[in-house]
Amino acid sequence: MRKAVITIAAFGVALAGCVQTRQYADLQFAPPQGDYSLLVLRPDVTVGSVTTGGMTEPRADWTEAARANLIEALKAQQAARGGKVHIAEHRGDIPSVDAETVAQLERLNYVVDESIVLHKYLGVYLPTKRRKGLEYTLGEDAVSFGRKTGFDYMLFLHAEDSFASTGRVALQVLGIAGCFIGFCAPNVGGGGQLAYASLVDLRTGEVVWFNVLTTGTQIAGVNLGDIRTPAGAAQMVERLLGRMKPGHDVRRAQKAQS
Amino acid sequence: MCIRCEISRRALLAGGGALAASLVSGPAAARIKPADMVPLIGPGFKPVDRDEQGLWEQMDRVEEEIAGTNLLIPDNGIQHYVQQLIGKVGGPAAKDMRIYLLRIPEFNAMMFPSGFAVVFSGLLLRMRDEAQLAGVIAHESGHFLRRHMIRQWRDMRRKSDLLSIGSMVAGLGGAGAGIYLGDYVQLAQLGTILSLFRYNRELEAEADAMGLRLIAEAGYAPMAMSDTWAQLIGELDASAKYRRKHRDRGYDLFETHPAAESRMTDLRVSAAEMTVPGRHYDTGRDRYLSTIAPIRQMLLDDQVKLNDPGASQYVIETLAQDGWNGLLRFYEGEVWRLRNRDSEGDWTRAAQSYAIAVAYPDAPAEAWRWHGVALMKEGRQSEARAALSRYLSMQPHAVDAAYIRQMIG
């Protein structure tokens, strides 16, 4: 009997780890290719350590390293598609627009992203948006921003990563060890990634593509990625942005052609 | 670390379920003496510990957002004035702290981990003089000087660590011995949550004592801080009474801040301790009032529109203890006009206030407008026309100017 419990527990542990993405695109969306220019606005990165008690403690040094790595990875990945990337670390870093205009657009995008998450990911689906892919726009402000700055696209990126502290891992070890005496707590958990990106077409003002990535296991100490390292950052960028799918109409047209 | 936080209490509670609160009773904390409060940091403090560095780094974007929000009161000298005040009562960190004034009609102020403070405009409205405002700012400086944010964080981390280890050990030990300890684990969880709140209350009391010491050293009357609390208690009572309810007296175990009464009493005892008999203390009332003069009408306007007549009337009457004027009388009328309850004669009360307001030389244009409308309702046409013309001459480009002109005919 006890053996059976342990087998089930071990099975559960194996199942628990996963890398998940779910993307939405505008019906007419075709992933940027060839000669395009992309603005990445203030990538928002946080890396922390999960304390024994389960709180995530932000770490400045890890965050710095991860931000630098992600920016490098992003540049490399976009260059491979033919795009020119400008990364604005501060609101004042964008030529021919003032910081206040950038701030306004950033705040607008933030609330639009919030409704995308609410209505596409958190289950509050809107009947008016069914089968319409991603139907959100930042409006005229984004178009005039694009005209002034000359960028074709704008990307917003948010990335979190966290790692279990030694204490948390010890707790995890105890939890699994407990399975042998009948107190089984194999899913202490702690650590993992959450990232999302939204792409705005500055020629139309529309949010044309949105993706959410979650990576993690329910076992503290086992991570499926590490953005503190260049390889881990490249992996996250690939998982989040690498498999950008065209919109529904574009895919159907492609299918009809072939 | 704000002077009255609701949100942080909710955030703390979100960490665990609130169980039967009657199980543990909070011990009465002893008063912290201002003399024992020494700043824990010097000038130009930068964090060296890893956890504190992490906390500071996260604050950069928060500060950028606050510094760029459109709620920020445009700098017409007032922003500069509060920055100077924090320079006066900021102790060793006086030159390091930043302060932002936001247009939010509530009585509150808060300090963030990296040393910037936010003061709500509702606080400026309620302060009767510079000493009172300095008291609030000194309280917030106290949080920074005593390193409260990182101490709170570490306390939370330590307690949640202990709880997790304890629960795991209880589970393992229980399983080994063949008994179920789940109930004890739940009890421990409640104990942990309660002790988090207690630590928070202790830090608030520390900030009060530290603040008192700072204003006394800067030459303000130490009693100013307890006066502020007396005012707040009075206002909450008035607001509750108006709504036929009782004020939340703050004896709650989950309260993040000490009950207003006990805070006021402690502050009063400490202030008596710090007051030097025979010494003249500066209240800075004239300086304060002339500085906020350009926005005082806006502050009053925001307050009366909160639809809290009990509190608004109390605030106006408190400010009028330093003398009534046209502005205060006009807004007294606005409180009742906006409540608009015919059965209680609100309109009559409002009309009386407008009539008194226009007798003062500083009556705002709007007082003439509403006085004119009141006269017209009473059928005193020629007087009404005179009052409305006065309004138009004071504010020829008012949004309703065309409408008023037509009324005058």
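Predicted model: local features only at pLDDT ≥ 70, side-chain atom pairs only at ≥ 80, totals over all residues.
Residues are numbered from 1 along each chain as its sequence is written, while chains are lettered from A and ligands numbered from 1 in the order in which they are written. Helices (H or I, at least four residues) and strands (E, at least two) are DSSP runs, numbered from the N terminus.

**Helix α4 of chain A**

- This helix spans residues 140–149, and its buried residues are A:Ala142, A:Phe145, A:Gly146 and A:Thr149; buried means that 20 or more other C-beta atoms, placed from the backbone, lie within 10 Å of a residue's own, exposed that 12 or fewer do.
- Those four lie on the same side of α4(A) because they cover an arc of only 100 degrees around the axis, taken from the directions from the helix axis to the C-beta atoms.
- A:Glu140 and A:Arg147 are exposed on the other side of α4(A).
- The buried residues of α4(A) pack against β2 (37–50), α3 (99–121) and β7 (192–201) of chain A.

**Where chain B meets chain A**

- 21 residues of chain B are in contact with 21 residues of chain A, contact meaning that C-beta atoms, placed from the backbone, lie within 7 Å.
- On the chain B side, α2 (50–67) and α6 (148–177) give two or more residues each, and α6(B) gives the most, with 13 residues.
- That side has seven nonpolar, nine polar and five charged residues; Ala, Val, Leu, Ile, Met, Phe, Trp, Tyr, Cys and Pro count as nonpolar, Asp, Glu, Lys and Arg as charged, and the others, Gly among them, as polar.

**The two domains of chain B**

- Chain B is assigned domain 1 (7–274) and domain 2 (295–408), with bounds from an automatic or database domain assignment.
- 17 residues of domain 1 of chain B touch 16 residues of domain 2 of chain B.
- On the domain 1 side of this contact, α8(B) gives the most, with seven residues.

**Helices α8 and α11 of chain B**

- α8(B) packs with α11 (residues 309–320) of chain B at an angle of about 145 degrees, with axes 7 Å apart; axes are lines fitted to C-alpha atoms over the stretch in contact, and angles run from 0 to 180 degrees between N-to-C directions.
- The residues of this contact are six nonpolar, six polar and two charged.

How values were computed: Contact = placed C-beta atoms within 7 Å.
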